[in-house]
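The sequence and structure are shown here.

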Amino acid sequence: MSFAALQARVNSAAMEKLSDIATINTVAVNVKFDESYADPLGFSGSSPSLIAISTEMTGLAQGSTVFYGGVNYTVTAIKPDGAGMTRLMLQEV
Amino acid sequence: MANHLHKQIRDALKTALTGLTTTGARAYANRLQPMTDSTLPGLRIFLDTEEAQGVTIHQPQVQERTLQLAVDCCAKAVSGLDDALDQISKEVEVALAAGITIGSKSLQVFYEGMEFTDEQSDKPVGVKRLRFSVPYTAMSNAPDVLI
């Protein structure tokens, strides 16, 4: 088995066990959601993002819609990690 | 003895900037804590620096002082952030153009420029920092009395 195939298998197994469902562009996708504290410019806030298997997210672009935990978001940045996963930076709508 | 003129000026600025249409009571002097959603849109008032120049030779000296201050117009919005900050800064500039009152005396407040910064957060946040100067005169041994 190639390293790439092994990596994809590990990613898939991890996301199957350690993820929630988000709706990305109307498609349900397994994601790990993160909303850590941030205070840009001295404002209390957060930096919401999610990570998912790259191939499970289709039609991604800045402005794509995400629904997670009862909140609607828009995608502000798309950050592939080069190892089969992609982090989406989010902004509340 | 009265408070230092810096405090008197800061208090007068806060009074002048409290109750504006957009920011209401959310005007804060020397606020170090992060702004929360309940404090926005809001204003942060900072006294930054001061230059003093003696106009007499002997002590105690009559000094012409120029205080540099900043008013941060702060907002968080999904859309129209620039427009909101422009509106807030308009209200601040109009309010301070009338000057401030220290005791029975008026001080002029001069607009000197601005810097704009914004950043992504859970919603976009922005600060329009307005810089002003306040010239006044005081004795070197009585920084609490305006002359």
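B:Tyr111 is partly exposed, because its relative accessible area is 39%; buried stands for under 20%, exposed for over 50% and partly exposed for values in between, with a 1.4 Å probe and protein chains only. The model is predicted: local features need pLDDT of at least 70 and side-chain atom pairs count only at pLDDT 80 or more, whereas totals for chains, interfaces and linings use all residues. Residues are numbered from 1 along each chain as its sequence is written, chains are lettered from A and ligands numbered from 1 in the order in which they are written, and side-chain values use heavy atoms, without hydrogens and water.

**Aromatic pairs**

Over all chains there are three aromatic pairs. Rings of Phe, Tyr and Trp (its six-membered ring) pair if their centres lie within 6.5 Å; planes under 30 degrees apart are stacked, over 60 edge-to-face, and the rest tilted. Two of the pairs are tabulated below.

| Pair | Centre distance | Plane angle | Class |
|---|---|---|---|
| A:Phe33 and A:Tyr73 | 5.6 Å | 50 degrees | tilted |
| B:Tyr111 and B:Phe132 | 5.7 Å | 65 degrees | edge-to-face |

B:Tyr111 lies in strand β6 and B:Phe132 in strand β7 of chain B, 21 residues apart; strands are DSSP runs of E with at least two residues, helices are runs of H or I with at least four, and both are numbered from the N terminus. In chain A, A:Phe33 is partly exposed at 22% relative accessibility, while A:Tyr73 is buried at 4%. Ring pairs join A:Phe33, A:Tyr68 and A:Tyr73 into a cluster.

**Contact between chains B and A**

In this interface, 22 residues of chain B are in contact with 15 residues of chain A, contact being heavy atoms within 4.5 Å. The area buried between the chains is about 1300 Å², with 58% from carbon and sulfur atoms; buried area is the accessible area (1.4 Å probe) that two parts lose on being put together, summed over both. B:Pro34, B:Gln120 and B:Asp122 supply 35% of the area that chain B buries against chain A, more than any other three residues.

**A residue in helix α1**

B:Leu13 belongs to helix α1 (residues 5–17) of chain B and is buried, with a relative accessible area of 0%. Not counting residues up to four places away in sequence, B:Leu13 touches B:Ile45, B:Leu47, B:Leu69, B:Leu96 and B:Ile100.
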